[in-house]
Amino acid sequence: METYPITVGGVTRHVPLIEPLPGRRIPLVEFLGDPEFTRAAAEALRPLVPKEAEILFTTETSPIPLTHVLAEALGLPYVVARRRRRPYMEDPIIQEVQTLTLGVGEVLWLDRRFAEKLLNQRVVLVSDVVASGETMKAMEKMVLRAGGRVVGRIAAFRQGNPSLEVATVAELPVL
């Protein structure tokens, strides 16, 4: 398998190159199961979090460990939007998103009890990789619908030209 080297904060990983769409190869960044890489990325993101942030907001799955480590370092809580409905969810906020990176549409779900944690809060959106920006736009809509205010958007990596402003640590290629 062909790989691509990524270095953050002195930690290097050789990540697999995948082809989610014909003719489009991208490095697959995953923070799951890699505490050292996750800590390095979170430390690099830490100065990008606006001082007025009160809570972080992310999505399943790979951004969760990154958001957790960052939240712990900042002493902030965080909320996670799910990518499928769970049986325990009551009155969830539902938001469709077209993820161009993977070439499929998705739905984000936010249980009302977690949405309430965003009410009247200054929220920072956190992601692992931002490409088109569509997931971040969907996250922002969810925050607004929950009564929160987005004060920042951060991601460990940018890939291409997102359609909105996102502070990132490093650039990834589209090959």
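## First stop: a salt bridge at Arg113

Select Arg113 and Asp111: the two form a salt bridge, with the closest N and O atoms 3.5 Å apart. A salt bridge here is a side-chain nitrogen of Lys or Arg within 4 Å of a carboxyl oxygen of Asp or Glu. This is a predicted model, in which local features need pLDDT of at least 70 and side-chain atom pairs count only at pLDDT 80 or more, while totals for chains, interfaces and linings use all residues. Residues are numbered from 1 along each chain as its sequence is written, and side-chain values use heavy atoms, with hydrogens and water left out.

Buried or partly exposed: how do the two partners count? Arg113 is partly exposed because its relative accessible area is 47%, whereas Asp111 counts as buried at 3% relative accessibility. The terms refer to relative accessible area: buried is under 20%, exposed is over 50%, and partly exposed lies in between (1.4 Å probe, protein chains only).

## Further salt bridges

The structure holds 13 salt bridges. Select next Glu36 and Arg13, whose side chains meet in a salt bridge of 2.8 Å, N to O. This pair links distant parts of the chain, with Glu36 in helix α1 and Arg13 in strand β2, 23 residues apart. Helices (H or I, at least four residues) and strands (E, at least two) are DSSP runs, numbered from the N terminus. Glu36 counts as partly exposed at 43% relative accessibility, and Arg13 is partly exposed with a relative accessible area of 21%.

Move on to Arg82 and Glu60, which form a salt bridge with the closest N and O atoms 2.7 Å apart. Here too the pair links distant parts of the chain: Arg82 is in the loop between β5 and β6 (93-99), Glu60 is in the loop between β4 and α2, and the two are 22 residues apart. Arg82 is partly exposed, with a relative accessible area of 24%, while Glu60 counts as buried at 11%.

Select Tyr4 to find Val15 of β2 opposite.

Select residues 63-74, helix α2. Its twelve residues should span 16 Å at 1.5 Å a residue, and its end C-alpha atoms are 16 Å apart, which agrees; the expected span is 1.5 Å times one less than the number of residues. The buried residues in α2 are Pro63, Pro65, Leu66, Thr67, Leu70 and Ala71. Their cover includes α1 (35-45), β4 (55-59), β5 (78-81), β8 (122-130) and β9 (149-159). Just after α2, Gly75 has a positive phi of about 70°.

Next select α4 (residues 134-146), where 13 residues should span 18 Å and the end C-alpha atoms are 19 Å apart, which agrees. Among the buried residues of α4 are Met136, Met139 and Val143. Gly147 follows α4 and has a positive phi, near 90°.

## Ser127 in β8

Select Ser127, which lies in strand β8 and counts as buried at 9% relative accessibility. Which residues does Ser127 touch, not counting residues up to four places away in sequence? They are Pro63, Leu66, Met136, Ile154, Ala155 and Ala156, where contact means heavy atoms within 4.5 Å.

## Last stop: Leu172

Finish at Leu172 in strand β10 (residues 167-172), which counts as buried at 3% relative accessibility. Leu172 and Ile6 are 166 residues apart in sequence, yet 8.2 Å apart in space, C-alpha to C-alpha. Not counting residues up to four places away in sequence, Leu172 touches residues including Ile6, Pro27, Val29, Val129 and Phe157.

Key: Two strands pair if DSSP finds at least two bridges between them.
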